[in-house]
Structure formats: structure tokens, C-alpha cells
Amino acid sequence: MICRLLHFGPKWTESGKIAINFSILYGPSVFKLSLLWIFNSFDKDVHDSSYVEPPLLGLQNFQDGAYAEDLANFHERSHADDWFGTDIMDIRVGWTKNLCSSRDLPSCSVLDIGTGSGRLLQQLAKQGFSDLTGIDYSESAIELARSLAIGDGFEHINFLVDDVLESKLERRFELVMDEGTLDAIGLHPDGPVKRMMYWQSVDSLVSRGGILVITSCSRTKDELVQEVENFNQRKLGAVGSGSEGLPASEAAVFSYLDHVQSYPSVDSSCITTVALLHK
Ligand SMILES: C[S@@+](CC[C@H](N)C(=O)[O-])C[C@H]1O[C@@H](n2cnc3c(N)ncnc32)[C@H](O)[C@@H]1O
């Protein structure tokens, strides 16, 4: 059984708090833990304009469970990180843009499933994508993503509260992105069943000829490809012995297209990004 610390990141917030984030890989699952510590500033006369107050001035209090849960649900944050870290997001965004261009989808419609802070969509907007939608079943996440997008001048990004497993979306997208959401879904007590539901849902969200890009830290590329192959078999088994004669949307299955070869940082060595073609 693999057990590994994927990420450890203390982070100072503007309100004088320190959040300590851990991501732990245990077998096929990833556990994320956020601890929020609150520190008080000393009253201090600042005599020198170059003086920078050290962040750790004295521990006053520690907020456990409930506040950590709020933090994980994006409350109380003046800004937000993405799950896999900002440093490697640029690699993924550039890689995704090249992939879309190579498939003749240079400025295609984009759906980000489990968008969290929505930062990925902002980065894609900077790369020229304009039809951008983010969904998350957390109202707080969507509230945060909207606020951040408006604050950063990306008012045109659509953010909707929506559970991907019971999506209310009535359209398909040429590019569907998932950064850690299938991982999160797999952590549910009914994870295996929900993962199967996930594939059914994304099947109805990705256009024919469109691309699904999944970034995971709980599955390897080969495991994801095998999982989607299992879905294909179930789907084709359910609709008949073959895809011949089926309506296009019914016949489409996912096939491996490409993957990010490696991420440079040591911490991200077990992160997988795989692109699947819906054809
Ligand atoms: C690991 S976080 C990743 C957030 C964001 N993609 C990022 O990279 O920072 C997983 C996200 O998926 C959302 N999520 C989990 N299950 C979901 C579901 N069934 N439908 C929609 N969103 C879901 C969570 O609320 C959370 O924001």
C-alpha cells in the first residue's frame, strides 16, 4: 500500500492566520487536510519604513475541525489556491492549449468540473478561450470563484452551482477539464459507484470529437485509461453489441489521446494529467 505525503504547504493569510495544508496519498485515495492557526500581531511601533513585520508574532488560538472544514469549502479566504498548486498549472494550461490547437479546437468551449476557486478558467481565459463555464457543487466555491473572477476582470466566465453526477447543464463542451474532482468523488464512501456515475455524466457533457482532460493524484495514466475503457465496455454493452447504427451521441466512447509526460517539481511527481478523446 502506497502512503506518501504529496504536499505540505504552510501559507500566511492576509488576516494574520496561517493555514497548513497537507495532501496525503494512501493507497488509491488522496486525503487533504487543512489546519488553520491564528496568530496575533504585537502592537508595535514601526520606526523604519523598510521594516517587515515577521509573520509569526505569537500563537493565540487554534481553530480545529469546523474552521478547517470552512477553509476547505473556500470560506474565509481572501484569495485561493488551486488544488495541485499554481506552479504546475501553467504547464497544464499551455499543454491543453496546444492539444486543442492540434485538434483544430483553438478557442473551444470549456467546462471546468469541480472548479473550486475557478483559477484554471482564468488562466484559460488569458490563453484566449472565451466560452468558459465552471461548475461546483459547493455554493461557497462558486461564490468565491465568481468574486475572484469579477475582481480579476473575468466577468464573462460563467459559474454555476451544479453536481456533476446530476448535472443540470443542457449543453456539451468541446473541452472538459477536471482537476482533482474525480479524485474527490472517489473519496466518498460510495466512491466506486460514484466514479461509474461520473463517467456517465461526463459522457453527456463532452461534445463528439471533444476532449476530456483529467488531472489526478490518485490514479496513474494507465489506471485512468483502464477505468474509461471499462466505462466504454459497459456503455457499448448496454446499448447493444456494437456502436453501428447508434445515434452519434450514443455511440461516442472515450479513447486515450495524450498525457503530460512529467511535471518538474518533486512534490508533483505523482500527478497525472491525461487527455481522452470523445469519439
Ligand atoms: C480537489 S478539489 C479541486 C478544486 C479545483 N479543481 C482545483 O484544482 O483547485 C475538488 C472540487 O470538486 C468539487 N466537487 C466534488 N464533487 C463534486 C460533484 N459531484 N460535483 C461538482 N463538484 C464537485 C469540490 O467542491 C471541490 O471544489
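This is a predicted model: local features need pLDDT of at least 70, side-chain atom pairs count only at pLDDT 80 or more; totals for chains, interfaces and linings use all residues.
Biologist: Which residues does Thr273 touch, sequence neighbours aside?

Modeller: Not counting residues up to four places away in sequence, Thr273 touches Arg92, Trp95, Val213, Ile214, Thr215, Asp258, His259, Val260 and Tyr263.

Biologist: Why is the approach of the side chains of Thr273 and Thr215 called a polar contact?

Modeller: The cut-off is 3.5 Å between N or O atoms, one able to donate a hydrogen and the other to accept it. The two side chains come to 2.9 Å, so the pair qualifies as a polar contact.

Biologist: Why is the pair of Tyr198 and Trp199 called edge-to-face?

Modeller: There are three aromatic pairs by the rule in use. For Tyr198 and Trp199, the centres are 5.4 Å apart and the planes make 90 degrees. Ring centres must lie within 6.5 Å, and planes over 60 degrees apart count as edge-to-face; therefore the pair bears that name. Tyr198 has 0% relative accessibility and is buried, and Trp199, at 0% as well, is buried too.

Biologist: How do you know that the rings of Trp199 and Phe254 are edge-to-face?

Modeller: Their centres are 6.2 Å apart, within the limit of 6.5 Å, and their planes stand at 65 degrees, over 60, so this pair is edge-to-face. Trp199 belongs to helix H6 (residues 191-203) and Phe254 to strand S10 (residues 254-259), so the pair ties together parts that are 55 residues apart in sequence. Both Trp199 and Phe254 are buried. One aromatic cluster is formed by Tyr198, Trp199, Phe231 and Phe254.

Biologist: What makes Arg195 buried?

Modeller: Arg195, also in helix H6, has a relative accessible area of 5%, which is under 20%, so the residue is buried. Its side chain and that of Glu227 are joined by a polar contact of 2.9 Å. Arg195 also touches other residues, including Leu182, Asp183, Ser218 and Leu224. The C-alpha atoms of Arg195 and Ile185 are separated by 6.6 Å, although the two residues are ten apart along the chain.

Biologist: What makes S7 and S10 the edge strands of the sheet?

Modeller: Seven strands form an open sheet with mixed pairing, in the order S7-S6-S5-S8-S9-S11-S10. Strand S7 (158-161) and S10 each pair on one side only. On average, neighbouring strands are turned by 20 degrees against each other, direction ignored.

Biologist: How do you know that S5 and S8 pair?

Modeller: Pairing requires at least two bridges. Strand S5 (residues 110-113) and strand S8 (residues 173-179) have four, so they pair, in the parallel sense. Ile113 stands opposite Asp178 in S8. S5 also pairs with S6 in the parallel sense over four bridges, and Val110 stands opposite Leu132 in S6.

Biologist: Which way do the side chains of S5 point?

Modeller: Val110 and Asp112 point one way, whereas Leu111 and Ile113 point the other way; all are buried. In a regular strand, side chains alternate between the two faces of the sheet.

Biologist: Which strands does helix H4 lie across?

Modeller: Helix H4 (residues 139-151) lies across strand S6 (132-136) and S7, and runs at about 165 degrees to S7.

How values were computed. Residues are numbered from 1 along each chain as its sequence is written. Side-chain values use heavy atoms; hydrogens and water are left out. Contact means heavy atoms within 4.5 Å. Rings of Phe, Tyr and Trp (its six-membered ring) pair if their centres lie within 6.5 Å; planes under 30 degrees apart count as stacked, over 60 as edge-to-face and the rest as tilted. Buried means under 20% relative accessible area, exposed over 50%, partly exposed in between (1.4 Å probe, protein chains only). Helices (H or I, at least four residues) and strands (E, at least two) are DSSP runs, numbered from the N terminus. Axes are lines fitted to C-alpha atoms, for helices over the stretch in contact, and angles run from 0 to 180 degrees between N-to-C directions.
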